[in-house]
Amino acid sequence: MLEIRDIAKTYPTAQGPLAVLRGVSLDLAGGTSLALTGESGSGKSTLLHLAAGLEKADSGHIAIDGAPVTGLDDAGRARLRRETVGIVFQQFNLIPSLDVGRNLAFQARLAGRADPDWQAVLAERLGLAPLLARYPEQLSGGQQQRVAIGRALAARPRLILADEPTGNLDEATGDAVLDLLLALVAESGAALLMVTHSARLAARLDARAHLHAGRIGAEPVA
Ligand SMILES: Nc1ncnc2c1ncn2[C@@H]1O[C@H](COP(=O)(O)OP(=O)(O)OP(=O)(O)O)[C@@H](O)[C@H]1O
Ligand SMILES: [Mg+2]
């Protein structure tokens, strides 16, 4: 499903080039989940953005369902994000001018896969049903996070990239969100790559990868 091979990514900074990823490889099969851990600044969000085609790697290879992400032109990367990938951003990236219902539907509409019944199920399971007419600025951080999750799932993506999707949630709500994500993976055969700082949540996924000093180690997340 997702194949990441020897990815390198360096950012230019005022202090000179910052090598964030120095040869990262990962494999994620459909119907499976992988927890990505690593200290703050280790490059977890960078890796998710590369997998989603939001940024370009300096070198290496990324493929989704056998189709190369690296090497796609802008239109191809936009189509990938619209139709194949559901990304839950660490900073949510909700659209401020749209209410919750329209934020939830946004990506599915773009992908031509709007499904009101499925959207209602997601809103219910994420506890958003009473909030559909509110705007993002009228929501708590945890509520915004749940809208971001619902939006990413509404188009039934093959690949779910979730950047600390439970970071703003209390333990019980975080557990419920992970239940939902893992149920979708089991039911739909989608693949889930999830960043988390919680060893407890990471332990519930099928596999774990730890990012340190620009590389993936199999280091346990104990
Ligand atoms: N556009 C950019 N320009 C320069 N440096 C950047 C840029 N984006 C990220 N960085 C740097 O790259 C490193 C990795 O950032 P990234 O956001 O991937 O970390 P992270 O593992 O997601 O951290 P956190 O757990 O805090 O979210 C950090 O040192 C960050 O400051
Ligand atoms: Mg991050």
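Predicted model: local features only at pLDDT ≥ 70, side-chain atom pairs only at ≥ 80, totals over all residues.

Me: Which strands are joined to β3 by bridges, and how do they run?

Reply: Take the partners in turn. Strand β8, residues 191-195, is joined to β3 by 4 bridges, and the two run parallel. Strand β9, residues 207-212, is also joined to β3 by 4 bridges, again in parallel. Leu 36 stands opposite Val 195 in β8. Ala 35 has Arg 208 in β9 as its bridge partner.

Me: How should I picture the side chains along a strand?

Reply: In a regular strand, side chains alternate between the two faces of the sheet.

Me: In what order do the strands of the open sheet come?

Reply: The order is β2-β1-β4-β5, and the pairing is antiparallel. β2 and β5 (67-68) are the edge strands. Each has a single partner strand, so one side of each lacks a neighbour in the sheet.

Me: How many bridges link β4 and β5?

Reply: There are 2 bridges, in the antiparallel sense, and β4 covers residues 59-64. Look at Ala 63: Pro 68 in β5 stands opposite.

Me: Which strands does α1 lie across?

Reply: α1 lies across β1, β2 and β4. The helix runs at about 120° to β1.

Me: Which residues come nearest to ligand 1?

Reply: Start with the shell, then ask which elements supply it. There are 13 residues around ligand 1, and Tyr 11, Ser 40, Lys 44, Ser 45 and Thr 46 come nearest. Two or more residues each come from β1 (2-13), β2 (16-28) and α1 (44-51). α1 gives the most, with 3 residues.

Me: Why does Ala 154 count as buried?

Reply: Count the C-beta atoms around a residue; 20 or more others within 10 Å make it buried. Ala 154 has 25 others within 10 Å, so it is buried. Ala 154 sits in the loop between α5 (141-153) and β7 (159-163).

Me: What is Ala 154 in contact with, beyond its neighbours within four places in sequence?

Reply: The contacts of Ala 154 include Leu 104, Ala 105, Trp 118 and Leu 122. Ala 154 and Ala 120 are 34 residues apart in sequence, with 9.6 Å between their C-alpha atoms.

Me: What is the phi of Asp 6 and of Asn 93?

Reply: Asp 6 has a positive phi of about 55°, although it is not a glycine. Asp 6 lies in strand β1. With 13 other C-beta atoms within 10 Å, Asp 6 is partly exposed. Asn 93 is not a glycine, yet has a positive phi of about 55°. Asn 93 lies in the loop between β6 (85-88) and α3 (100-110). Asn 93 counts as partly exposed, with 13 C-beta neighbours inside 10 Å.

Me: How many helices and strands does the protein have?

Reply: Now step back to the whole. The protein has 7 helices and 10 strands. Of its 222 residues, 41% count as buried. Its radius of gyration is 17 Å, which agrees with the value near 17 Å for a compact globule with 222 residues. Among contacts between residues at least 6 apart in sequence, 70% join residues at least 24 apart.

Definitions and conventions. Residues numbered from 1 in each chain as written. Chains lettered and ligands numbered in written order. Pairing = 2+ DSSP bridges. Near = placed C-beta within 6 Å. Contact = placed C-beta atoms within 7 Å. Axes fitted to C-alpha atoms, helices over the stretch in contact; angles between N-to-C directions. Rg over C-alpha atoms; globule rule 2.2 N^0.38 Å. Buried ≥ 20, exposed ≤ 12 C-beta atoms within 10 Å, placed from the backbone.
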